[in-house]
Amino acid sequence: MCLILIAYRAHPRYPLVIAANRDEFYHRPTAPASFWDTEPHLLAGRDLDQGGTWLGISRTGRVAALVNFRDPRSVKPGAPSRGSLVTDFLLGSTQPARHLDILRQHARQFNGFSMVFGDLEQLYVYSNKGEMPPLLEPGFHGLSNHLLDTPWPKVTRGRQAMEKLLSDGGSLPVEAIFSLLADQTMPDEALLPDTGIGLEWERLLAPIFISGPTYGTRSSAILAIDQNETVNFYERTFNGGDTHKSTTRSFRFRI
């Protein structure tokens with residue numbers, strides 16, 4: 001996952017709206033969002049290489065999403081898959097506050113990540129690469145491959161657009177949010193971060209929607225929970241980073 005946009009207690013009808021893009025190499029095998037055969041109360045996509053996920057929700061209302069922290073100088077070869085951090089929370093039963101303690105104890109063994117997790121009562125955010133206030137404040141937030149609300153162009157642009165789309169307090173603008181997630185606007189080069197991957201890759205990864213020859217946005221997802229605790233989950237998957245070749249799935253259920 002490379003971009004997560006969050007509206008938390010910022011909409012009168014939807015206490016939680018998450019819009020997210022998952023960026024990955026095209027050759028990495030992936031299953032689209034579904035209720036897992038092995039865990040039928042879990043709705044998520046699945047990384048078929050390592051078995052974890054990047055965004056999901058359980059029928060009990062546990063939510064989690066994760067992005068990698070971009071720092072090639074600190075990569076640990078052979079580290080466990082970060083996708084397991086998401087499934088561990090979604091499949092667990094510990095309270096989010098207790099899970100935060102557990103996460104802190106084991107986070108060093110993983111490569112860099114930032115994670116949002118919790119339920120409608122409380123959402124937590126944690127990174128093993130920097131300190132952040134653990135409780136997510138109500139409002140609009142953005143998370144890319146760094147810390148929460150780091151003002152990278154795609155984060156700032158996405159968060160502002162999300163706020164504008166939800167400002168009228170009306171019904172969920174699903175197609176408009178998908179259009180936001182498909183934005184390929186290239187920011188001014190002077191605004192690009194320097195994360196140690198070189199300018200060519202910084203340019204490739206700069207837009208909200210990434211479309212490279214071997215790496216790009218594989219899927220976009222919208223997860224919204226309304227005031228009646230009904231979950232609306234939409235996922236749009238793409239063929240090789242092409243926004244014109246996509247498949248959309250939707251799910252609706254009560255927590």
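Visitor: What volume does the largest pocket have?
Guide: The model is a predicted one, and in it the largest pocket has a volume of about 940 Å³.

Visitor: Which residues are the closest to its centre?
Guide: The pocket is lined by 35 residues, and those closest to its centre are Glu24, Arg28, Asn68, Arg82 and Tyr215.

Visitor: Which elements supply at least two residues of that lining?
Guide: Strand S2, strand S6 and helix H5 each do. The largest share comes from S2, with four residues.

Visitor: And how does the lining of the largest pocket split by class?
Guide: There are 15 nonpolar, 11 polar and nine charged residues.

Visitor: OK, cavities now. How many of 30 Å³ or more does the structure hold?
Guide: One. The space in the largest cavity is about 60 Å³.

Visitor: How does anyone find empty space like that?
Guide: A probe the size of a water molecule is rolled over the atoms, and this shows where empty space is left.

Visitor: Which residues line the largest cavity?
Guide: The lining is made of Arg70, Trp152, Pro153, Lys154, Leu192, Pro193, Glu202, Leu205 and Ala206. Two elements give two or more residues to this lining: helix H3, residues 153–165, and helix H5, residues 199–205.

Visitor: How many of the cavity's lining residues are nonpolar, polar and charged?
Guide: Six are nonpolar and three are charged, with no polar residues.

Visitor: Let me step back. What does the secondary structure of the chain come to?
Guide: Five helices and 12 strands. The radius of gyration is 17 Å, close to the 18 Å that the globule rule gives for 255 residues, so the chain is as compact as a globular protein of that length.

Visitor: What does the C-alpha trace span along its principal axes?
Guide: About 45 × 40 × 35 Å. The accessible surface comes to about 11,500 Å², and carbon and sulfur atoms hold 48% of that.

Visitor: What percentage of the chain is buried?
Guide: Buried residues are 53% of the 255. As for contacts with a separation of 6 or more, 57% of them involve residues 24 or more positions apart.

Visitor: Take helix H1. Why is it called largely enclosed by the rest of the structure?
Guide: Because six of its eight residues are buried. They are Gly83, Leu85, Val86, Thr87, Phe89 and Leu90.

Visitor: What do the buried residues of H1 pack against?
Guide: They pack against strand S4 (42–47), strand S5 (55–58), S6, H2 and strand S7 (113–118).

Visitor: I clicked on His99. Where is it found?
Guide: His99 sits in helix H2, which covers residues 96–106. Its relative accessible area is 8%, so His99 counts as buried.

Visitor: What does His99 touch?
Guide: Leaving aside residues up to four places away in sequence, His99 touches Asp88, Phe89, Thr94 and Phe117. One of these, Phe89, is among the buried residues of H1.

Visitor: What about Asp71, buried or exposed?
Guide: Asp71 counts as buried, at 17% relative accessibility; the cut-off for buried is under 20%. Its place is in the loop between strand S6 (63–68) and helix H1 (83–90). Not counting residues up to four places away in sequence, Asp71 touches Lys129 and Thr195.

Visitor: Back to helix H3. What does Arg157 touch?
Guide: Arg157, which has its place in H3, touches Asp183, Thr185 and Ile208, again not counting residues up to four places away in sequence. Arg157 and Ile208 are 51 residues apart along the chain, and their C-alpha atoms are separated by 8.4 Å. At 41% relative accessibility, Arg157 is partly exposed.

Visitor: Last one. What is phi for Arg9?
Guide: Arg9 has a positive phi of about 50°, although it is not a glycine. Arg9 lies in the loop between strand S1 (3–8) and strand S2 (16–25) and is partly exposed at 43% relative accessibility.

Visitor: And what is phi of Asp149 near?
Guide: Phi of Asp149 is near 60°, a positive value in a residue other than glycine. Asp149 is in the loop between strand S9 (139–143) and H3, and at 26% relative accessibility Asp149 counts as partly exposed.

Conventions: Residues numbered from 1 in each chain as written. Predicted model: local features only at pLDDT ≥ 70, side-chain atom pairs only at ≥ 80, totals over all residues. Heavy atoms only, no water. 1 Å grid on protein atoms, 1.4 Å probe; cavity = no way out; pocket = protein on both sides within 12 Å on 5 of 7 lines; lining within 4 Å. Points joined across faces, edges and corners; volume = space filled by probe spheres on them. Nonpolar A, V, L, I, M, F, W, Y, C, P; charged D, E, K, R; others polar. Buried < 20%, exposed > 50% of the residue type's maximum accessible area, 1.4 Å probe, protein only. Contact = heavy atoms within 4.5 Å. Rg over C-alpha atoms; globule rule 2.2 N^0.38 Å. Areas by Shrake-Rupley, 256 points an atom, 1.4 Å probe, with all protein chains shown as cover.
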